[in-house]
Amino acid sequence: MADVTWSESARLPGDARSVGEARRFVRDALARRGEEQFTDDALLCVSEVVTNALLHAGGDLEVSVELRPGCLRIGVRDTSAVPAFGPRGLAAAGDDDLPLESDATTGRGLLIVMAVASGVGETLDEHGKTVWFELSQSADEQAASSARYVVQEGLLPVVSLDGHARVRLLGVPPRVAVQTNTHLDTLAREARLHPSLTASRLADAVAGFRRRYPTLDDAVAKARRAAAAGVERVDLDLDVDGDGPRLLEELGVLLAETEALAAAGGLLSRTPTPDVVTFRRWLLDQVVAQVAGGEARPYPFMSNPTPSNALDGRGATAAEA
């Protein structure tokens, strides 16, 4: 609420009546404040944003009107965690390199809002989002301006066109991520040759998980580059569907059983380092939380990576480090 000099808000039902009610609320609020110069543009834009929320979010809405230094900001809050402006983050209308997303979550009316408003964005949290637009207080500035870029704030996963959720892994120690991946691959390769059912199931589960979620390989490749460059922390992205948490939990159980077999001398692979175990637990927690709509949280632990000359093929290879 910083720099807000005046504000009003109204809760509206999640049905078609809300478009007209939102227009009336905004018009009356501006009249009470004596800010009628915003009325025409404000009513056009709020109609489009409320319509988009009704089409794609459902549930009750809250419309807010705020006067800030130099501009009027109007927001429409809904209960959907799906970003209104698509899965890419920043989007730019009229820019050939950064086109506004045209998927089902983006109404064409939002393009109208971007053409009229001086600023457009959305703020996301674990409970939903607020799509907002700003109108300049200067008539000349408003007449000459349009919102070329969309500001997206918040750390919710971004839902892609194929129904996957973008899980953001923030502040990951890249060497630990590489060690975790190498340990998994080494264990899976050896498990494939072992006669026990548990070991063979692990190998199949790892292969299946990689086929289903190919962005895992992209994340590992990014971590390798970061580790090679000496970067201490890196942000990684995974795209997983609604089954991701369950499959990852099942993979964790098979890993624990196979690692117990290795600890008893049944496999050559070494048991994972404490850093790897801690990272795996955090990774599972983040996937479960973010697929359920929770916010991304940075990796909270400091690590003490094993020196590269001490790594080998039974924990992490020197080539992978």
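Arginine 23 is partly exposed, with a relative accessible area of 31%, and in this predicted model the residue belongs to helix 1, which covers residues 17-33. The protein as a whole has 321 residues, of which 46% are buried, and its secondary structure comprises 9 helices and 8 strands.

**Arginine 23 and its surroundings**

- Arginine 23 falls in the partly exposed class because its relative accessible area of 31% lies between the 20% limit for buried residues and the 50% limit for exposed ones.
- When neighbours within four places in sequence are set aside, the residues in contact with arginine 23 are Leu43, Leu44, Val46 and Ser47.
- Alanine 42 stands 19 residues away from arginine 23 in sequence, while the C-alpha atoms of the two are 8.4 Å apart in space.

**The largest pocket**

- The largest pocket holds about 550 Å³ of space, and among the 31 residues that line it, those closest to its centre are Thr180, Leu184, Leu248, Arg280 and Leu283.
- At least two lining residues of the largest pocket come from each of helix 5 (174-192), helix 6 (197-212), helix 7 (215-228), strand 8 (234-240), helix 8 (244-263) and helix 9 (274-291).
- Helix 9 makes the greatest contribution to the lining of the largest pocket, supplying 8 residues.
- Sorted by class, the lining of the largest pocket consists of 21 nonpolar residues, together with 5 polar and 5 charged ones.

**Cysteines**

- Cysteine 45 has a relative accessibility of 0% and therefore counts as buried, since the class takes in residues under 20%.
- Cysteine 71, with a relative accessible area of 10%, is buried as well, because that value also lies under the 20% limit.
- A disulfide is a covalent bond that links the sulfur atoms of two cysteines.
- With a cut-off of 2.5 Å between cysteine sulfur atoms, the count of disulfides comes to 0.

**Contacts across the protein**

- Among the contacts in the protein that join residues at least 6 apart in sequence, 70% are between residues at least 24 apart.

Conventions. Residues numbered from 1 in each chain as written. Predicted model: local features only at pLDDT ≥ 70, side-chain atom pairs only at ≥ 80, totals over all residues. Heavy atoms only, no water. Helix = DSSP H or I, 4+ residues; strand = E, 2+ residues; numbered from the N terminus. Buried < 20%, exposed > 50% of the residue type's maximum accessible area, 1.4 Å probe, protein only. Contact = heavy atoms within 4.5 Å. 1 Å grid on protein atoms, 1.4 Å probe; cavity = no way out; pocket = protein on both sides within 12 Å on 5 of 7 lines; lining within 4 Å. Points joined across faces, edges and corners; volume = space filled by probe spheres on them. Nonpolar A, V, L, I, M, F, W, Y, C, P; charged D, E, K, R; others polar.
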